[in-house]
Amino acid sequence: MSLLEARGVNCYYGDSHVLFDIDFDIEQNEVVALLGRNGAGKTTLLNSIMGVVPPRSGSIAFSGDPIHGRDPHEIARRDIQLVPETRRIFSTLSVEENLRLAALTAPKPLEIDWIYEVFPRLKERRRSRGGNLSGGEQQMLAVARALIRDPKLLMLDEPFEGLAPVIVRDLSRVIRDLVRAERTIIIVEQNVRAALQFAHRVYVLNNGHMVYRGTPQELLADAELTSAYLGAAV
């Protein structure tokens with residue numbers, strides 16, 4: 001049994017059909033890259049797993065238990081955490097207050113000192129308000145808020161988007177350490193090469209349809225497919 005199983009998932013925005021019969025699996029301790037052009041449906045799939053965009057038909061199960069149709073806060077309590085592209089940190093709270101608030105409802109939160117070991121920059125900025133952080137620091141805080149809840153599944157939506165190269169390097173180090181620690185991760189990223197350096201398996205979406213599943217090596221060897229569905233991103 002896979003940790004996460006999606007079968008025949010169809011999602012809509014109003015009357016617009018945006019995900020078509022999606023089958024998707026992720027195994028325990030696996031890193032999966034979810035790729036595709038802008039508008040392909042990647043974020044919608046993450047939001048569907050999280051309950052933000054509930055499937056109109058199909059099923060999603062986590063650890064064997066159905067989660068489709070449940071509210072996002074219920075799904076979060078089942079040890080799934082989404083770091084959205086918009087970050088959604090509390091701008092008026094300090095870094096430490098953001099972290100402690102995230103830990104408050106977690107069954108077994110991680111120690112805040114561990115978070116500061118992983119993100120030393122956040123320790124330096126622990127008394128700064130979220131709104132006063134740089135974009136890269138806000139992204140680190142968003143990932144740290146998810147991690148402190150010790151999720152069984154961590155979903156990262158465009159973690160490197162708009163970040164300076166030095167911040168991308170630091171965040172890549174963190175993700176690489178999480179991979180070594182056998183964390184289960186779904187990563188959505190326009191920077192295909194960056195995503196593939198972490199991934200065990202790859203899914204590619206195009207216009208809401210799943211068009212590829214395989215290994216990073218197999219994907220990069222298929223020039224026709226990468227040109228058609230990923231273009232210059234590879």
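An open sheet of 4 strands runs in the order β2-β1-β4-β5, with antiparallel pairing. Strands here are DSSP runs of E of at least two residues, and helices are runs of H or I of at least four residues, both numbered from the N terminus. Two strands count as paired if DSSP finds at least two bridges between them. β2 (16-26) and β5 (65-66) form the edges of the sheet. Each has a single partner strand, so one side of each lacks a neighbour in the sheet. Strand β1 (residues 4-13) pairs with β2 over 7 bridges, in the antiparallel sense. In this pairing, Leu-4 stands opposite Ile-26 in β2.

The model is predicted; local features need pLDDT of at least 70, side-chain atom pairs count only at pLDDT 80 or more, and totals for chains, interfaces and linings use all residues. Residues are numbered from 1 along each chain as its sequence is written, and side-chain values use heavy atoms, with hydrogens and water left out.

Parallel pairing links β3, β8, β7 and β6. Strands of a sheet pair through backbone hydrogen bonds, either parallel or antiparallel. Strand β3 (residues 31-35) runs parallel to β8 and is joined to β8 by 4 bridges. Here Leu-34 stands opposite Val-188 in β8. Strand β7 (residues 153-157) is also parallel to β8, again with 4 bridges. Leu-156 stands opposite Ile-187 in β8. From β7 the chain crosses through helix α7 (residues 165-180) to β8, in a right-handed β-α-β crossover. Right-handed means that, with the strands pointing away from the viewer, the path from the first strand over the helix to the second runs clockwise. β6 and β7 run parallel too, joined by 4 bridges. Val-83 stands opposite Leu-156 in β7.

Buried means under 20% relative accessible area, exposed means over 50%, and partly exposed lies in between (1.4 Å probe, protein chains only). Strand β8 (residues 185-188) is covered on both faces. Ile-185 and Ile-187 are buried on one side, and Ile-186 and Val-188 are buried on the other. In strand β6 (residues 80-83), Ile-80 and Leu-82 point one way, while Gln-81 and Val-83 point the other way. All of these β6 residues are buried.

Helix α1 (residues 42-50) is largely enclosed by the rest of the structure, because 8 of its 9 residues are buried. The buried residues include Lys-42, Thr-44, Asn-47 and Ser-48. Leu-45, Leu-46, Ile-49 and Met-50 are buried in α1 as well. Just after α1, Gly-51 takes a positive phi of about 85°.

Helix packing was examined for α3 and α6. Helix α6 (residues 135-147) packs against α3 at an angle of about 25°, with the axes 8 Å apart. That makes α3 roughly parallel to α6. Axes are lines fitted to C-alpha atoms, for helices over the stretch in contact, and angles run from 0 to 180 degrees between N-to-C directions. Angles under 35 degrees count as roughly parallel, over 145 as roughly antiparallel, 65 to 115 as roughly perpendicular and the rest as oblique. The crossing of α3 and α6 is right-handed; in a right-handed crossing, the near helix is turned clockwise from the far one by less than a right angle.

The structure holds 12 salt bridges. A salt bridge is a side-chain nitrogen of Lys or Arg within 4 Å of a carboxyl oxygen of Asp or Glu. Arg-100 bridges to Glu-96, with the closest N and O atoms 3.1 Å apart. Both residues lie in helix α3 (residues 95-104), 4 residues apart, and are separated by about one helical turn. An α-helix has 3.6 residues a turn, so residues three or four places apart point the same way. Arg-100 is partly exposed at 47% relative accessibility, and Glu-96 is partly exposed at 21%.

Arg-121 forms a salt bridge with Glu-124, the closest N and O atoms lying 2.7 Å apart. These residues are 3 apart in helix α5 (residues 120-124), about one turn of the helix. Arg-121 is partly exposed, at 37% relative accessibility, whereas Glu-124 is exposed, at 58%. A network of salt bridges links Arg-121, Glu-124, Arg-125 and Glu-137. Glu-74 and Arg-70 also meet through their side chains in a salt bridge (3.5 Å, N to O). Glu-74 is partly exposed at 28% relative accessibility, and Arg-70 is partly exposed at 30%.
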